[in-house]
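Subject: Structure handover

Hello,

Here is the structure I said I would pass on. Please open it alongside this note.

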Amino acid sequence: MSSIFLRIYGGLLFSLVLVSVLSGIVVTIVNGVRLAEYREDMARGTFRLISEVLAAMPEEQRHKWLGEWGHKLSIPFSMLPLERSDFTPKEIEQLSLGGIDVQMLTEKAAVITALIDDRWLLQGRVAEISEQMASGTIVFLRHLLSHYFADERVTVLAQRSGESLSFPVSIVHSATSLTPLQSTQLQQGSIVTVLNIRDESLQLYAQMKDSDQILHLGPLKLLNPYPFKLILTLGLFVLISLSLAIYILVRGMEKRLRKLERAATRFSRGDFEVRVNVGGADSIGRLAMAFNAMADHIQRLLSLQKR
């Protein structure tokens, strides 16, 4: 480009487009990882709790029990022999440590797998992995805790929560944040969901049937695709990238101007042989050509004057 303005403008435009594309790719990758972790957190509680119950149950009772709870939770469960699965030894090791495997079938539906024991895997086809998966967890937890005395439930829940769940669960005796209608629904045995828009969180409550104890799950953070930290990091990345692009563009022109400045200084001190070669067809290049032409002309005049 022959214009310095066009060169700087074109460089900045190219840098801006490049940074925008890179930022979009980074956001897509980061959100993909965050979404995968979020889905796993939503599904881990239900599948790990069920697999633990199945592990302690005789094999001849498992299919019937699994069918009943699959109907209650609206999740078609099945048991798969470990030797017939396609999991690698490393993936099986991760499952044995309490992890689950989530294979997305569509944007929402998935097949989720958890390890029962050294012979069987638990699989379930989930129509949609969302915050509603947490309701299945609290329903099943209430069922498990109903087999214990009221004074034992806190200890049992602390053990279950630490081993199997990805979000806090506790037992409380009152829920002051509930409206009168929600309190009535809670006493009737319904699962009450409280959504906090400001904190972007979800809380679930379930009343134990034989006491005044209330099972409280949450607060469960909702997935925000554009959290403040991510936006701040991208903003800093864009600013630093554009600043670096401006520096690179201006630095090249500054070096050429310094060459011209040094040549003019030497010429003013009597070095009439000096010439400058900065190249380019822009204003700086034309200025260097004008300087060289002036130096040639003055040198010829001085030579004629001497003769």
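Predicted model: local features only at pLDDT ≥ 70, side-chain atom pairs only at ≥ 80, totals over all residues.

Residues are numbered from 1 along each chain as its sequence is written, and side-chain values use heavy atoms, with hydrogens and water left out.

**First sheet**

Helices (H or I, at least four residues) and strands (E, at least two) are DSSP runs, numbered from the N terminus. Two strands pair if DSSP finds at least two bridges between them. (Axes are lines fitted to C-alpha atoms, for helices over the stretch in contact; angles run from 0 to 180 degrees between N-to-C directions.)

S1 and S4 run antiparallel and are joined by five bridges. Pro81 has Trp120 in S4 as its bridge partner. Contact here means heavy atoms within 4.5 Å.

Another open sheet of four strands has the order S5-S8-S7-S6, and its pairing is antiparallel. Its edge strands are strand S5 (169-172) and S6, each pairing on one side only. The twist averages 25 degrees from one strand to the next.

Strand S6 (residues 192-196) and strand S7 (residues 201-207) pair in the antiparallel sense over five bridges. Thr193 stands opposite Leu204 in S7. Val194 stands opposite Gln203 in S7. The hairpin of S6 and S7 has four residues between the strands, and Glu200 takes a positive phi near 55 degrees there.

Two helices lie across this sheet's strands. Helix H4 (residues 133-145) lies across S5, S7 and strand S8 (214-221), at about 155 degrees to S8. Helix H6 (residues 180-187) lies across S6, S7 and S8, at about 145 degrees to S6.

**Cores**

A nonpolar core is a set of buried Ala, Val, Leu, Ile, Met, Phe, Trp, Tyr and Cys residues joined through side-chain atoms within 4.5 Å. Buried means under 20% relative accessible area, exposed over 50%, and partly exposed in between (1.4 Å probe, protein chains only). The largest core has 45 residues, of which Phe47, Ile50, Trp65 and Leu215 touch the most other members. H1 gives the largest share of this core, eight residues. Leaving aside neighbours within four places in sequence, Trp65 is in contact with Ile50, Val53, Leu54, Met57 and Phe140. Another core lies apart from it and has eleven residues, among them Val278, Ala288, Phe291 and Ala295.

**Salt bridges**

A salt bridge is a side-chain nitrogen of Lys or Arg within 4 Å of a carboxyl oxygen of Asp or Glu. By this rule there are nine.

- Asp117 and Arg62 meet at 3.1 Å, N to O. The pair links distant parts of the chain, 55 residues apart: Asp117 is in the loop between strand S3 (110-115) and strand S4 (120-126), and Arg62 is in helix H2 (residues 59-73). Arg62 is buried, at 3% relative accessibility.
- Arg275 and Asp296 have their closest N and O atoms 2.5 Å apart. Arg275 lies in the loop between helix H7 (228-268) and helix H8 (283-306) and Asp296 in helix H8, so the pair ties together parts that are 21 residues apart in sequence. Arg275 is partly exposed at 30%, and Asp296 is partly exposed at 31%.
- Glu40 and Arg44 have their closest N and O atoms 2.8 Å apart. Both lie in helix H1 (residues 4-55), four residues apart, about one turn of the helix. Glu40 is partly exposed at 23%, whereas Arg44 is buried at 17%.

**Ser15**

Ser15 is in helix H1. Its relative accessible area is 13%, so Ser15 is buried. Ser15 touches Leu242 and Ala245, not counting residues up to four places away in sequence.

Best wishes
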